[in-house]
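Please go through the fold below from its overall make-up down to single residues. The structure comes first, then the notes.

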Amino acid sequence: MSIHTTASPPVPSTNPEPCLALPTSSLILDVFRGRPADVHPALAVPLGAATQMVVHHGDQWAAEMVSRDAAADDHVVAAAKRTIDVLNGLRVNLIGQIDSWVEGVVHVGEEVPLHTETVGSVIDRLAIAWVRWKRLDSNDRRESLVVAPSPALRQLTELAAAYDNLVLDVHEGRRRLPNWRSLKSYRERR
């Protein structure tokens, strides 16, 4: 797979036919870009959650930077860590929304091999990869006049292609999705 630009992640050239029930990576990347997609209303849940995920991961990136600032005092770092916990709780809820939606639209037999992650988890990883690429790409452009494909863009592109392959495998009945829920609560009393 070749990457020719850092302006926007390319849609994988081997993009499979979409599963009617699951959004493709190109739709997900479009909502990350802030482009309103003209899609079937049935995809409102996963694409809406994906939109919120990318915002939360952007906020979390900023809070992580504050928490690692050597000049920040303990109160600032503690506040940043509490913000990170709140954002992680929201993220877990968004993953759960997607996974609950998937349970209602995807039905594959128990005899089919299990995939290692839920769709919500993979979309969450796409959101993380998107934010990482956007943050690192903007830093790379400021620091250098030579713009080569970044490792962050390569990771995003490969993850998008892997997601589309998963969608195709589920659609064709070669893979089933786990029915898991998060075991960690970010609202636990300590």
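Predicted model: local features only at pLDDT ≥ 70, side-chain atom pairs only at ≥ 80, totals over all residues.

Residues are numbered from 1 along each chain as its sequence is written, and side-chain values use heavy atoms, with hydrogens and water left out.

**Overall fold**
- The protein has 5 helices and 0 strands; both are DSSP runs, helices being H or I of at least four residues and strands E of at least two, numbered from the N terminus.
- The order of elements from the N terminus is α-α-α-α-α.
- Of the 190 residues, 42% are buried (buried is under 20% relative accessible area, exposed over 50%, partly exposed in between, with a 1.4 Å probe and protein chains only).
- Take the contacts between residues at least 6 apart in sequence: 75% of them join residues at least 24 apart (contact means heavy atoms within 4.5 Å).

**Helix α3**
- Helix α3 covers residues 74–105.
- Its 32 residues should span 46 Å at 1.5 Å a residue, and the end C-alpha atoms agree at 47 Å apart (the expected span is 1.5 Å times one less than the number of residues).
- Asp73 caps the N-terminal end of α3, with a side-chain oxygen 3.0 Å from the backbone nitrogen of His75.

**Helix α5 and its contact with α1**
- The 21 residues of α5 should span 30 Å at 1.5 Å a residue; the end C-alpha atoms are 30 Å apart, in agreement.
- Just after α5, Gly173 has a positive phi of about 75°.
- The axes of α1 (residues 25–33) and α5 (residues 151–171) come within 9 Å and cross at roughly 135° (axes are lines fitted to C-alpha atoms, for helices over the stretch in contact, and angles run from 0 to 180 degrees between N-to-C directions).
- The two helices, α1 and α5, are therefore oblique to each other (under 35 degrees is roughly parallel, over 145 roughly antiparallel, 65 to 115 roughly perpendicular, and the rest oblique).
- From α1, Ser25, Ile28 and Leu29 meet Leu156, Ala160, Tyr163 and Asp164 of α5.

**Leu136**
- Leu136 sits in helix α4 (residues 119–143).
- Its relative accessibility is 34%, so Leu136 counts as partly exposed.
- Leu136 touches Trp61 and Ala152, leaving aside residues up to four places away in sequence.

Technical notes:
Polar contact = N/O pair within 3.5 Å; in protein donor to acceptor, adjacent residues only side chain to side chain.
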